[in-house]
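Here is a friendly briefing to read with the structure open beside you. Take it one topic at a time, and find each residue as you meet its name.

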Amino acid sequence: MSPADRYSSLVNSPIGGFIAANLGLPQPVELERFAADQPLIDGPVLIGSAPGGRIAEQVEITLGQAEVSVHRVASELAPNARFKGLVFDASGIKDSTQLRELWEFFSPVVRRLADCGRVVVLATPPEDCEEPRERTAQRALEGFTRALAKEARNGQTVQLIYVAEGAEPRIDSSLRFFCSPRSAYVSGQVVRIGSGPDFDAEEFNWEQPLAGKVALVTGASRGIGEAIARVLARDGAHVVGLDIPPLMADLERVTGEIGGSALACDITDSEAPDTICNHLKADHGGVDVVVHNAGVTKDKTLGGMDEPRWTVLMEINLSGEERINDELLARKLIRKNGRVICVSSISGIAGTAGQTNYSTSKAGVIGMVDSMAAAFAAKKVTINAVAPGFIETAMTAAIPIGMREAGRRMNSMRQGGLPVDVGETIAWYASPASGGLNGNVVRVCGQSLIGA
Ligand SMILES: NC(=O)c1ccc[n+]([C@@H]2O[C@H](COP(=O)([O-])OP(=O)(O)OC[C@H]3O[C@@H](n4cnc5c(N)ncnc54)[C@H](O)[C@@H]3O)[C@@H](O)[C@H]2O)c1
């Protein structure tokens, strides 16, 4: 919880909590977040399956390898014991009448989900289903998971993961992410896992997944970019932090603390793609992970918006990134099983008044992920995006107080996220184990009601 969120601190104190409960005020819980000495999932997980499901077996193997206590029947635990996770394989559902399986599995146990517990439903991508009835039923699962995510309390999260046929061995990184505290501020999301390189989960280094990798992070001197750089370095990467020349002292402080290196560059300069590529080639022979995080807001309603507010913003948030991607591709500098990860925004999904420029640029980032996924896949590289909601940074601290409190509370977690929550989500995409994720956009917004 951020120190800036005084309301949450107050209602988490004994007296404040008592008053808030009596007045019926929202009481955000302290979200559980990753800590190195904690187990992946701190409690038992119940696995269920609709008849004919093809993914549950892999779930059991994956969670077993992660030393999670897994159960196939609720009665294995004492009646009052709580589950830390509920995972349901819905891939066997072929017809809407079988959606009842969801109710049968979840209804008796959902109240036994622990605080900050995790729900994951695995299913077949509707677009892969040949039979209309099956396609309809698989699509219906989105409504179930999004609604259950809104019923969830006390930091619980709910996700839907569509797993293409044959992609079952690639669920590991996503299951580990969505079942663990790393996904603290992600809820109500739909993810697709498809084709990708095989990897050996047993041999994989889950503690240092990015060991030996080089990651470029733009806008790394502060805020979300700084958190991304720190999380990627924690996971073993050498981070090349990039920021504008006036912020070099801040950037060097961050990269110095994480054993990375600093690159002074304004991504809107016409020379920027060349500068970046030359640096990566000369110092590292290439790059494994590219995170396009640098971004700005320049708010005004459209009638009052001067031309630089539009043009400069679009250059930073979108066009500069496109040119860097093109140059990296043309010079073949992103290594095999590489990652490009973009930072969009829920404003790019919902549109925000006073932000026609920003919302356009951030929707464009999603367009860039869509339009470039095939070109990158041909080079064995994936491209995905995160869309943060209200994250406690200098950017959101500058929002007028009324709007700021609305943004902070109008989500299923009733609080703002932290920069580290975006960093963890990016680290999940960045992992060499996440090769089956391409073209995804995941919101890190606590299931914000704005832009739902
Ligand atoms: N804070 C939020 O709640 C929020 C929500 C949704 C999306 N985002 C996005 O997350 C990203 C990071 O946001 P933040 O809140 O940390 O903002 P921030 O202003 O704290 O950091 C942005 C960084 O980008 C750098 N940058 C700006 N222009 C640049 C340029 N031309 N060349 C190189 N670097 C440049 C800045 O110097 C700064 O270090 C942005 O893309 C933003 O749009 C933030």
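Thr268 counts as partly exposed, because it has 17 C-beta neighbours inside 10 Å; a residue would need 20 or more to be buried, and 12 or fewer to be exposed. Please keep in mind that this is a predicted model.

- You will find Thr268 in the loop that runs between strand S9 (261-264) and helix H9 (272-284).
- Leaving aside neighbours within four places in sequence, Thr268 is in contact with Glu315, Ile316 and Gly320.
- Thr268 and Ser195 are 73 residues apart in sequence, and their C-alpha atoms are 34 Å apart in space.

**The whole chain**

- The protein chain contains 15 helices and 13 strands.
- How does the radius of gyration fit a compact globule? The protein chain has 22 Å, which agrees with the value near 22 Å that a compact globule of 452 residues would have.
- Along the principal axes, the C-alpha atoms of the protein chain fill a box of roughly 65 × 55 × 45 Å.
- Of the 452 residues in the protein chain, 50% are buried.
- Take the contacts between residues at least 6 apart in sequence: 76% of them join residues at least 24 apart.

**Around the ligand**

- The ligand is surrounded by 27 residues, and the closest are Gly219, Gly223, Ile224, Gly295 and Met395.
- Helix H7 (223-234) and helix H13 (394-397) are the elements that give two or more residues to this shell.
- By class, the shell around the ligand has 13 nonpolar, 11 polar and 3 charged residues.

**Helix H15**

- Helix H15 covers residues 419-430, which makes 12 residues.
- From its first C-alpha to its last, H15 reaches 17 Å, close to the 16 Å expected at 1.5 Å a residue.
- Why is H15 largely enclosed by the rest of the structure? The reason is that 12 of the 12 residues of H15 are buried.
- The buried residues of H15 include Pro419, Trp428, Tyr429 and Ala430.
- Here is a rule for reading any such element: an α-helix has 3.6 residues a turn, so residues three or four places apart point the same way.

**Two buried residues in strands**

- Arg339 lies in strand S11, and with 28 C-beta neighbours inside 10 Å it counts as buried.
- Beyond four places in sequence, Arg339 is in contact with Asp288, Val289, Val381, Thr382, Tyr429 and Ala430.
- Tyr429 and Ala430, which Arg339 contacts, are among the buried residues of H15.
- The C-alpha atoms of Arg339 and Asn438 are 9.2 Å apart in space, although the two residues are 99 apart in sequence.
- Ile383 sits in strand S12 (residues 381-388), and is buried, with 28 other C-beta atoms within 10 Å.
- Not counting residues up to four places away in sequence, Ile383 touches Val340, Val369, Met372, Ala373, Phe376, Asn438 and Gly439.
- Ile383 and Val291 are 92 residues apart along the chain, with 9.9 Å between their C-alpha atoms.

- Is Glu67 buried or exposed? Glu67 is exposed, with 10 other C-beta atoms within 10 Å.
- Glu67 has its place in the loop between helix H3 (56-65) and strand S2 (70-71), and its phi is near 60 degrees, a positive value in a residue other than glycine.
- Lys332 also has a positive phi, near 50 degrees, and is a residue other than glycine.
- Look for Lys332 in the loop between helix H10 (307-330) and strand S11 (334-343), where Lys332 is exposed, with 9 other C-beta atoms within 10 Å.

Definitions and conventions
Residues numbered from 1 in each chain as written. Predicted model: local features only at pLDDT ≥ 70, side-chain atom pairs only at ≥ 80, totals over all residues. Near = placed C-beta within 6 Å. Helix = DSSP H or I, 4+ residues; strand = E, 2+ residues; numbered from the N terminus. Nonpolar A, V, L, I, M, F, W, Y, C, P; charged D, E, K, R; others polar. Expected span 1.5 Å × (residues − 1). Contact = placed C-beta atoms within 7 Å. Rg over C-alpha atoms; globule rule 2.2 N^0.38 Å.
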